[in-house]
There are 2 protein chains.
Amino acid sequence: MAPSVATNSFSVTVTPREEVEASQSHSRLASEYTQLQRNRLNHSPPLPSILQTSFQVVDGPPTSAAGNPNEIANLFPNLYGQPSVSLVAGHSDQVKNQSKSLKIGVVLSGGQAPGGHNVITGIFDYLEERAKGSTLYGFKGGPAGIMKCKYVMLSTQVIYPYRNQGGFDMICSGRDKIETPEQLKQAEETVKKLDLDGLVVIGGDDSNTNACLLAENFRSKNMKTRVIGCPKTIDGDLKCKEVPTSFGFDTACKIYSEMIGNVMTDARSTGKYYHFIRLMGRAASHITLECALQTHPNIAIIGEEVAAKKLTMKNVTNHIADIICKRLELGFNYGVILVPEGLIDFIPEVKQLIVELNEILAHDVVDEAGVWKRKLTSQCKELFEFLPHEIQEQLLLERDPHGNVQVAKIETEKMLIQMVKTELDQRRQKGAYRGQFQGQHHFFGYEGRCGFPTNFDANYCYALGYATGVLLHSGKTGLISSVGNLTAPVNEWTVGGTTLTSLMDVERRHGHFKPVIKKAMVDLEGSPFMKFASLRDDWALKNQYVNPGPIQFVGPSANDINYTLKLELGAHFPFQS
Amino acid sequence: MAPSVATNSFSVTVTPREEVEASQSHSRLASEYTQLQRNRLNHSPPLPSILQTSFQVVDGPPTSAAGNPNEIANLFPNLYGQPSVSLVAGHSDQVKNQSKSLKIGVVLSGGQAPGGHNVITGIFDYLEERAKGSTLYGFKGGPAGIMKCKYVMLSTQVIYPYRNQGGFDMICSGRDKIETPEQLKQAEETVKKLDLDGLVVIGGDDSNTNACLLAENFRSKNMKTRVIGCPKTIDGDLKCKEVPTSFGFDTACKIYSEMIGNVMTDARSTGKYYHFIRLMGRAASHITLECALQTHPNIAIIGEEVAAKKLTMKNVTNHIADIICKRLELGFNYGVILVPEGLIDFIPEVKQLIVELNEILAHDVVDEAGVWKRKLTSQCKELFEFLPHEIQEQLLLERDPHGNVQVAKIETEKMLIQMVKTELDQRRQKGAYRGQFQGQHHFFGYEGRCGFPTNFDANYCYALGYATGVLLHSGKTGLISSVGNLTAPVNEWTVGGTTLTSLMDVERRHGHFKPVIKKAMVDLEGSPFMKFASLRDDWALKNQYVNPGPIQFVGPSANDINYTLKLELGAHFPFQS
């Protein structure tokens, strides 16, 4: 059965790329796959026991919100307070329902994370096995696909080449939001046109907030379409008690750790470079922390700690330089330093500098003589002068279309190398450092978003997807698919759905309350950070590098899960086991 | 048995790092290893059948040189013309010798390549099994370790934590040469002091040339120390008929291909970025070619082709821009482009520019007004003006201690992004391009030099090492360890030694003939390039990306070997198999 593609019934611009996408000419052909890809294609992820037989969907007690429950209740009058649910063994009251066929749409939202395809195959297999005659639509290119009613019917053939494969290319993703009345109306028209019983939104914190808005909107209009979210982000910052981790984090961290481990071995073999490695993860430093726990770098900077201690660029620079000097005394002129992508967002003085620069540059010309700098506060001027010349230029010249400094483009790892070099040169002049500092810079980002999902992510995503089928089939809406007990073997995993409203708080923006799922930051009192903090002094001066090697899919190491999850769930921490 | 460390008997400066190295405090502790590391530790690489039982070392016919045999004969009067050897089944005349114990030194020379540790364990295991009572010394930090007589005795315990592990950190490496009379004398003193029967030099083309000089020198003085080389380099540019590949190439290309495949999947999922990926490999483009065969990028630039066609920067830029424009017409605003690290070394006009810049900047000041540019020839001036501002600055400002332009520091992938962007902007103004070009830059280098060796590299290196034991035990010198028939199962591999003089030619430098093992460049008439050339037009416009995934050590894909080797050895090419 060839994929059937809808024509666009709304008035939107169709770009050439979308035309080609519609003809599926960029989709995968499994015939071109390598042996490993084919092995993974034919791998069937195990399901939790509870999903293998008969189960009931049991309501818990009414739920509240993560903060400001009154405001959340006002924003979600139809959804607020509904119970979270869990699956328990036994014959269901919904048995009759479970013979009913469903029409479901699924959308991938935001950046890629390994395992997204398995969520979709989990939904698909649920429908095939437990709701025969159902239809699964994949909206193309993210939420815009819902608004533009651009979709592909997901058949066995369409899905097959993506089983256990990385990427989001089965239906692609996008970063649009469905927020304005006009956008909500477009979404309504699409789900009505396709007669959808349910919509699955696979995304991060913002996308799940958006899923909840859609669920509320559909319910407020007595529409039959239910909405279920799925926790996706390699950054690992969408999690709570019921949702122990977001998918993709495990794989991304293991890919980065493979690379870090290789660079560590290289550093030790060569003996003359400090490798500064920037890791993806803008808002939170979970990736850096997990990679540190996996590989034992000499230094790992955790943004949340920098913010909590109100550190300055100079503090961070000195901290690194201090360790480099101590290592030299011990005879080591090499090392590995992990830096979170979002580091400078955590440094208050840098944020302030950027605010001032945006303000000044909106109105003034940057004159060669530097007269413009007089408008900076003295503190910001001092910081600006402290920054390497290259970074100064980047701040002044590379602006986004709104004229704002493009913080994301700043190569933090290069900046740190230059600042550390300057600091060490000054120490050399004072006789306090006699080494030859040579920095090498790396950014590990895109490499980790689309790798083959680890067995953990493949299994977790498959269960998450299968569970969304259950939740939609039993008529639930406004929930996020929740699979728990993740440090146990897969058959012992728990399955349920958590109310999205219970994860929410509000932020005040432009005089309005805006619902948000708060990002889960690195908890400086939590087990992963505490473990790191207890070990890092040893890692700094001794060389206890660990090279985890490439992800394996078979063999004894194939089912390892990440340290963050193990530590947060209280499992034994296997260092030196 | 704890490692015994010699005190330094020569007058050399001992830096703090070396003191610490000497105390082994940075060496590995297997107790800290991950499960995968431990699995690999306990893996025994299979040996070719010929090495498992009794064999004879059989001389072939006299050999000549790769070029200028008379000059090579003059430079190596004691070695020139000696036969290469091969191992055949049967009881050896050297049986008596084979009971004799040996004293062997081993040194790692130059950049890391996965598998180096396995060469050493291969030598060690040969000595343990077939020359009981032997001693293996590891010279520390490369050839400098020989000159300074810095070594560690390699015991079972010292070697164990490095079995099948990446890196060179067991004894570390270095880039020194042993060339001057003084240096040769130091080496003589060391091998005499340690009473060495043999020395194994694990290195690339230069290091093996150096090995041959040492062999010649020792023989000319009737010293008993024999010298055997081993072919190491991830760049893949040390190979010939008898030495089908250098070790490390297989692993490095697979690590880079894993990353490239992930980036490709990301590119297709996101649909908005052109990823420019620079790959290690300065002198030759084998890595880029192999990674292209593994992953099917839209464009892969092969330096040797650029040189053969005498392409300019503008040609290369236009070629990329043309494909980007054609892809846009097909609806694709994304892609992956592989660039060899050494690209600009292959472009004649860039080489000329650098020569002129070095000349001018040695004598003149770079004035703001640009008067200095008048000294450039018009052609070089035009090229200089064509280069992005950032690259211009890099050429002018970043000089090595001799005042020369640091070509190696130029981020070619960034330079190409900027030049392609400029070209596309010009085309946009003419109405010939309507897309939004966004480039992402990557450099994959250090990540690939120290990964866990693939099964192929682990086995190949172990056989190479074991073979050096055989060659030294049978009294051979001036050979490079040669293991062949590599596309067959390991037990069918052939084993022998090839005279280093037969790989040599001379270059005239400063009025003298200097022996060199010529780098094996990508052969534009060879099977790997021809296969690539026959497929690249399809890869450019269609999206036939392959994501090979992470290296596996068990399972059906674990023993795949690379395409370059398969194609050069005439094995079936398994695309679309």
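**Exercise 1. Helices α12 and α21 of chain A**

Task: State in which hand α12(A) passes α21(A), and describe how the two helices pack.

Solution. 
- Step 1, the hand. In this predicted model, the crossing of α12(A) past α21(A) is left-handed.
- Step 2, the contact. α12(A) contributes A:Leu289, A:Ala292 and A:Leu293. From α21(A) come A:Pro528, A:Phe529, A:Lys531, A:Phe532 and A:Trp539.
- Step 3, the classes. Seven residues of this contact are nonpolar, none is polar and one is charged.
- Step 4, the geometry. α12 spans residues 286-295 and α21 spans residues 527-541, both in chain A. Their axes lie 10 Å apart, at an angle of about 50 degrees.
- Step 5, the label. That angle makes α12(A) oblique to α21(A).

**Exercise 2. Helices α6 and α20 of chain A**

Task: Find the angle and axis distance for α6(A) and α20(A), then name the residues that make the contact.

Solution. 
- Step 1, the geometry. Helix α6 (residues 116-130) of chain A packs on helix α20 (residues 455-473) of chain A at about 45 degrees. The axes are 7 Å apart.
- Step 2, the label. α6(A) is therefore oblique to α20(A).
- Step 3, the hand. α6(A) and α20(A) cross in a right-handed sense.
- Step 4, the contact. On α6(A), the residues are A:Asn118, A:Val119, A:Thr121, A:Gly122, A:Ile123, A:Asp125, A:Tyr126, A:Glu129 and A:Arg130. On α20(A), they are A:Ala458, A:Cys461, A:Tyr462, A:Gly465, A:Tyr466, A:Thr468, A:Gly469, A:Val470 and A:His473.
- Step 5, the classes. The contact of α6(A) with α20(A) has eight nonpolar, seven polar and three charged residues.

**Exercise 3. Helices α15 and α16 of chain A**

Task: Decide how α15(A) is oriented to α16(A), and sort the contact residues by class.

Solution. 
- Step 1, the geometry. α15 (residues 348-363) and α16 (residues 378-386) of chain A pack at about 100 degrees, with axes 9 Å apart.
- Step 2, the label. Angles of 65 to 115 degrees count as roughly perpendicular. So α15(A) is roughly perpendicular to α16(A).
- Step 3, the contact. α15(A) supplies A:Glu349, A:Val350, A:Gln352, A:Leu353 and A:Glu356. α16(A) supplies A:Gln379, A:Cys380, A:Leu383 and A:Phe384.
- Step 4, the classes. Five of these residues are nonpolar, two are polar and two are charged.

**Exercise 4. Chains A and B**

Task: Work out which rotation superposes chain A on chain B, and describe the interface between the chains.

Solution. 
- Step 2, the symmetry. This is the relation of a two-fold axis.
- Step 3, the contact. 68 residues of chain A touch 66 residues of chain B.
- Step 4, the area. The two chains bury about 5,700 Å² between them, and 52% of that is on carbon and sulfur atoms. A:Glu32, A:Arg268 and A:Tyr446 provide 12% of the area chain A buries against chain B, more than any other three residues.
- Step 5, the surface. Of the interface residues of chain A, 97% are also interface residues in chain B, so the copies meet through the same surface.

Technical notes. Residues are numbered from 1 along each chain as its sequence is written. Chains are lettered from A and ligands numbered from 1 in the order in which they are written. This is a predicted model: local features need pLDDT of at least 70, side-chain atom pairs count only at pLDDT 80 or more; totals for chains, interfaces and linings use all residues. Side-chain values use heavy atoms; hydrogens and water are left out. Axes are lines fitted to C-alpha atoms, for helices over the stretch in contact, and angles run from 0 to 180 degrees between N-to-C directions. Helices (H or I, at least four residues) and strands (E, at least two) are DSSP runs, numbered from the N terminus. Angles under 35 degrees count as roughly parallel, over 145 as roughly antiparallel, 65 to 115 as roughly perpendicular and the rest as oblique. A crossing is left-handed if the near helix is turned anticlockwise from the far one by less than a right angle, and right-handed if clockwise. Contact means heavy atoms within 4.5 Å. Ala, Val, Leu, Ile, Met, Phe, Trp, Tyr, Cys and Pro count as nonpolar, Asp, Glu, Lys and Arg as charged, and the others, Gly among them, as polar. Copies are superposed by least squares on the C-alpha atoms of residues with pLDDT of at least 70 in both. Buried area is the accessible area (1.4 Å probe) that two parts lose on being put together, summed over both.
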